[in-house]
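User: I have a structure open and would like to go through some of its contacts. Can we take it piece by piece?

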Amino acid sequence: MRALVTHRLAALAPVAAIIVALPAFFPSAYYYRVAALVLIFALAAVGLNLLMGFAGQVSLGHAGFLGIGGYVVAIGPTYFALPSWLCIVGGAVVSGVVAFVVGRPILRLKGHYLAVATLGFGVLVAIVLTNEAAWTGGPDGMSVPRLVLFEWRVRGSDTWYWVAGASFLVGAVLALNLIDSPTGRALRAIHDSEIASSVLAIDVARKKLTVFVVSAVYASVAGSYLALFNGHVTPDIAGFLRSIELVAMVVLGGMGSIAGSLVGAAVIVVLPQTLTALHDYEHMVLGLLLMVFMIFLRRGVVPSLAALAGRPA
Amino acid sequence: MAEFLQFFFSGLTVGAIYALVALGFTLIYNASDVINFAQGEFVMLGGMTTVFLGLAGVPLPLAALVAVIATVAVGLALHRFAIEPARGASAVTLIMITIGASIFLRGAAQVVFDKRFHGLPHLFGTEPIRLGGAAILPQSLVVLVGAACVVVLLWLFIDRTLLGKAVIATAANRLAARLVGINTGRIVGLSFAVSAAIGAVAGLLVTPIALTSYDVGTLLALKGFAAAMLGGIGSALGAVVGGLLLGMFEAFSAGYVSSKYKDAVAFLVILAVLFAMPQGLLGRGRVERV
Amino acid sequence: MATLKSAVAMGAAAVAALIVGGSPAAAQIKIGAVLSVTGPASFLGDPEKKTLEIYVEDINAKGGVNGQKLQLVVYDDGGDANNARTFATRLVDQDKIAAMVGGTTTGSTLAMIPVFEEAQIPFISLAGAIQIIEPVRKWVFKTPHTDKMACEKIFADLKRRNLTTIAMISGTEAFSKSMRDQCAAVAPKMGITIAHEESYGPRDSDMTPQLTNIKGKAGVQAVVNPGFGQGPAIVTRNYRQIGITLPLYQSHGVASKQFIELAGPAAEGVRLPAAGLLVADKLADNDPQKSVVVNYSRTYQQKTGQAVSTFGGHAYDGLMILVQAMQRAKSADKAKVRDEIEKTKGYVGTGGIVNMSPTDHMGLDLSAFRMLEIKNGDWTLVP
């Protein structure tokens with residue numbers, strides 16, 4: 001038992017060390033901001049990784065949950081005078097419920113049918129957020145009151161870096177625990193073969209729904225953080241391009257690798273920052289990168305590197 | 001009555017556009033099981049290339065021809081450099097590749113063309129045809145006829161030529177097709193080329209009505225795909241039926257219900273179809289291998 | 001002899017380099033610009049970027065500002081507010097800019113405002129919505145006319161033609177939605193009744209269902225279309241296609257030659273509010289804006305090969321107001337420049353004549369808008 005625990009969390013120790021040590025190299029708040037964004041998106045990517053990497057499902061509309069989390073944390077304090085931290089939880093609950101309701105019919109589909117159904121869901125969320133302007137401020141978005149925890153205003157890129165870092169680590173630990181639990185093993189069995197799993201008396205539909213709800217909650221919390229960090233939220237948080245970015249993070253970093261989610265998020269978030277000299281060609285580079293990785297490094301960065309080093313990811 | 005007729009004409013106009021785009025998805029899917037998200041970009045390339053060649057002084061018919069050829073070249077390149085190397089990959093990987101390709105092509109279009117919107121002259125003038133108190137543009141009929149022609153040509157190709165049979169064989173069982181001597185790689189490449197041609201022609205015919213810009217591809221692809229799913233992906237006739245139906249849904253909901261959520265109609269349709277009858281109206285049911 | 005000469009020359013060059021390198025006058029003034037050069041707002045952001053680049057180069061060629069050259073740092077937010085904010089942070093923390101001209105869309109502007117307010121850096125926005133300057137924020141200004149003004153101008157013209165009941169058909173994206181909201185708010189105060197409303201998506205290809213509903217609504221005397229991009233061109237064509245003869249008003253966002261080209265003969269008789277920039281050649285010779293707009297149009301057309309755009313004009317005004325404020329302040333000090341921007345009086349720009357004040361951080365009034373009508377395929381001024 002002990003050995004299992006130490007082994008499982010040991011994978012995270014270097015990640016935690018990096019998160020703690022990195023700020024020593026940050027010359028300005030801008031670096032804190034980019035790093036905080038990486039950690040926030042990595043949190044969402046971890047959730048999506050559970051769904052795609054371990055359970056083998058696909059979601060091209062996951063940004064819809066980012067959007068739900070982001071807007072609940074905007075609407076709650078603005079219209080209902082609810083405290084922001086409660087709305088983070090509230091957003092997670094709403095996302096979980098939506099995922100539960102939508103997940104049942106959607107998860108019966110497979111392959112590209114599933115991909116397109118999730119795409120449709122994501123786009124519908126974005127459309128609702130854009131059109132219900134009375135609640136959401138419409139296409140220009142709405143401002144988000146700052147998070148206040150026990151009289152302490154959470155603001156500033158450096159504060160958010162630590163908040164996001166801690167949340168990511170907690171999320172990663174929970175994810176690793178889930179993977180090594182009976183549910184996690186069932187998910188991996190489902191990934192390999194749904195028919196065989198059901199023969200083994202695994203309630204396939206229920207397990208898939210569970211992981212879908214879990215991944216929705218991760219995305220929702222990340223979305224709430226994003227909105228609170230920026231102090232402003234717009235409907236493109238839930239857009240199709242955002243969903244593609246999330247999938248790219250999971251796939252680039254490595255499906256089935258928690259550390260990979262962090263790497264993938266880092267690549268996708270930092271890339272536009274480094275390509276500014278080539279801003280006219282930014283989309284071309286992004287598209288090219290996506291294609292190249294999908295063709296040649298299909299397993300993602302971390303598993304490929306791990307394979308090179310001769311160790312499992 | 002005039003109102004109803006106008007909504008019907010609008011549905012026909014928009015539906016014909018979706019039908020042409022949906023037809024492009026069908027062939028590639030039939031040959032290789034790949035959902036090509038870059039199909040919208042083929043439509044964009046057809047329209048934009050023609051516009052820019054025209055602006056550069058090339059006579060429009062020649063510009064159109066060159067545009068179609070150029071788009072076919074892009075389709076072949078997409079197959080050769082992006083899809084072929086990833087043969088055997090999972091459905092998700094292939095979808096991501098085509099999405100990457102679509103982002104790449106859109107980025108390239110921004111640089112090569114420009115960021116404004118453009119139009120092309122209508123083939124038979126802009127004077128609308130008036131029927132029963134409603135008006136429809138001649139170009140809408142051109143698009144419809146175009147879609148019908150493509151369906152007929154596709155049917156002739158698949159049913160009456162050896163090459164067409166090879167496509168069916170490749171789609172049914174790739175390994176078996178190779179065993180009987182079919183060069184499946186070339187067949188899939190051919191399907192990309194023809195789909196690109198269909199997309200480019202769609203762009204040409206549709207631009208006079210819908211205008212074009214470097215980013216028309218995304219939404220067109222999504223809606224065209226919804227239409228293909230509705231009609232049954234894999235069926236050419238289904239693509240047309242699906243396209244027209246989707247156009248009608250949109251027009252009638254905008255007219256009778258509310259125009260605010262018109263865009264949502266396409267996606268609601270996708271979800272409804274996928275939940276209730278994934279194989280669509282005219283599609284063949286898929287046999288799930290254990 | 002040769003070696004001595006070259007030694008003296010090198011020595012002189014070294015001394016000169018020391019003087020030039022050592023003196024503060026060599027430092028450049030950094031101006032930041034976060035624009036939506038790609039993405040859904042690229043139609044606005046692209047001319048803005050081109051304009052800023054052309055004129056920064058032009059100003060530097062003429063000696064710069066206060067003896068210092070300007071350095072333009074442009075970032076592309078792709079129309080995404082989150083990216084805009086990240087680039088804003090980068091401009092403040094990494095590039096250490098002295099001032100910012102940018103923010104193509106209202107969404108990105110609103111996301112960036114807190115960054116510049118906190119860093120106390122003057123921010124001249126290029127977006128249209130009135131929330132940017134109402135409530136007035138100390139460090140935030142803007143150059144484009146607000147959509148509220150566009151509505152007021154249209155409604156005033158309607159009243160002059162004795163038309164009081166209208167229908168509106170608007171796009172669902174940010175620009176159109178914002179203008180539609182303002183028109184709805186302003187209408188009752190100006191005695192205009194909005195009898196019916198419809199909307200369309202920015203990429204829609206056929207608006208005849210919506211227009212049919214408008215046509216069927218009794219009592220409608222005119223139609224207003226808050227929109228921008230390709231939508232209004234299609235709306236205008238559909239309008240004539242189904243035979244509506246009521247007066248049609250477009251928004252200021254549509255003001256470009258392309259609209260007339262694409263709408264074709266259907267554009268005849270369409271009216272819209274626009275800045276003098278669009279009818280540069282038709283302005284009276286004694287019009288104060290004439291020389292500014294004619295010069296800008298010619299330069300932009302020459303350097304980019306594209307027809308002039310209202311949005312590029314806003315970027316021009318933003319840059320010039322900033323530069324003139326720096327010249328009056330005789331420094332690039334952020335607080336002094338901010339004060340001088342606020343004191344801008346009588347600046348003649350492409351958008352109109354700007355008179356700012358502590359309570360008005362935009363400085364344009366209704367006279368900045370001209371009412372234009374399309375006749376024979378060209379713009380004409382409505383007297």
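User: Which residues does A:Leu60 touch, not counting residues up to four places away in sequence?

Analyst: Keep in mind that this is a predicted model. In chain A, A:Leu60 touches A:Ala115, A:Thr118, A:Leu119, A:Phe240, A:Ser243, A:Ile244 and A:Val247, leaving out residues up to four places away in sequence. In chain B, A:Leu60 touches B:Ile95, B:Met96 and B:Ile99.

User: Which residues touch the most other members in the largest nonpolar core?

Analyst: Those are A:Leu60 and B:Leu23, in a core of 182 residues. Helix H3 of chain A, residues 29-54, gives the most to this core, with 20 residues.

User: What does the second core include?

Analyst: The second core is separate and has 125 residues, including C:Val140, C:Val223, C:Val292 and C:Met320.

User: Back to chains A and B. How many residues of each are in contact?

Analyst: There are 38 residues of chain A in contact with 44 residues of chain B.

User: And what area do chain A and chain B bury between them?

Analyst: About 3,700 Å², and 82% of it is on carbon and sulfur atoms. The size of an interface is often given as the accessible area lost when the parts come together.

User: How many salt bridges are found across that interface?

Analyst: The rule finds one salt bridge between chain A and chain B. The side chains of A:Glu132 and B:Lys260 form a salt bridge, at 3.8 Å from N to O. As for polar contacts between chain A and chain B, the count is two residue pairs, with both residues at pLDDT 80 or more.

User: Which elements give two or more residues to the side of chain A that touches chain B?

Analyst: They are helices H5 (84-106), H6 (111-131), H12 (240-253) and H14 (282-296) of chain A. The largest share comes from H6(A), with 13 residues. By type, the residues on that side of chain A divide into 29 nonpolar, five polar and four charged.

User: New topic. Where is C:Ile242?

Analyst: C:Ile242 is in the loop of chain C between helix H8 (231-241) and strand E9 (248-250).

User: Why does C:Ile242 count as buried?

Analyst: Because its relative accessibility is 6%, and buried means under 20%.

User: What is C:Ile242 in contact with, leaving aside neighbours within four places in sequence?

Analyst: From chain B, C:Ile242 contacts B:Gln6, B:Arg130 and B:Ala135. From chain C, C:Ile242 contacts C:Thr208, C:Leu211, C:Thr212 and C:Lys215.

User: What separates the C-alpha atoms of C:Ile242 and C:Gln258?

Analyst: A distance of 22 Å, with the two residues 16 residues apart along the chain.

Conventions: Residues numbered from 1 in each chain as written. Chains lettered and ligands numbered in written order. Predicted model: local features only at pLDDT ≥ 70, side-chain atom pairs only at ≥ 80, totals over all residues. Heavy atoms only, no water. Helix = DSSP H or I, 4+ residues; strand = E, 2+ residues; numbered from the N terminus. Buried < 20%, exposed > 50% of the residue type's maximum accessible area, 1.4 Å probe, protein only. Contact = heavy atoms within 4.5 Å. Buried area = accessible area lost by both parts, 1.4 Å probe. Salt bridge = Lys/Arg side-chain N within 4 Å of Asp/Glu carboxyl O. Polar contact = N/O pair within 3.5 Å; in protein donor to acceptor, adjacent residues only side chain to side chain. Nonpolar A, V, L, I, M, F, W, Y, C, P; charged D, E, K, R; others polar. Core = buried A, V, L, I, M, F, W, Y, C linked by side-chain atoms within 4.5 Å.
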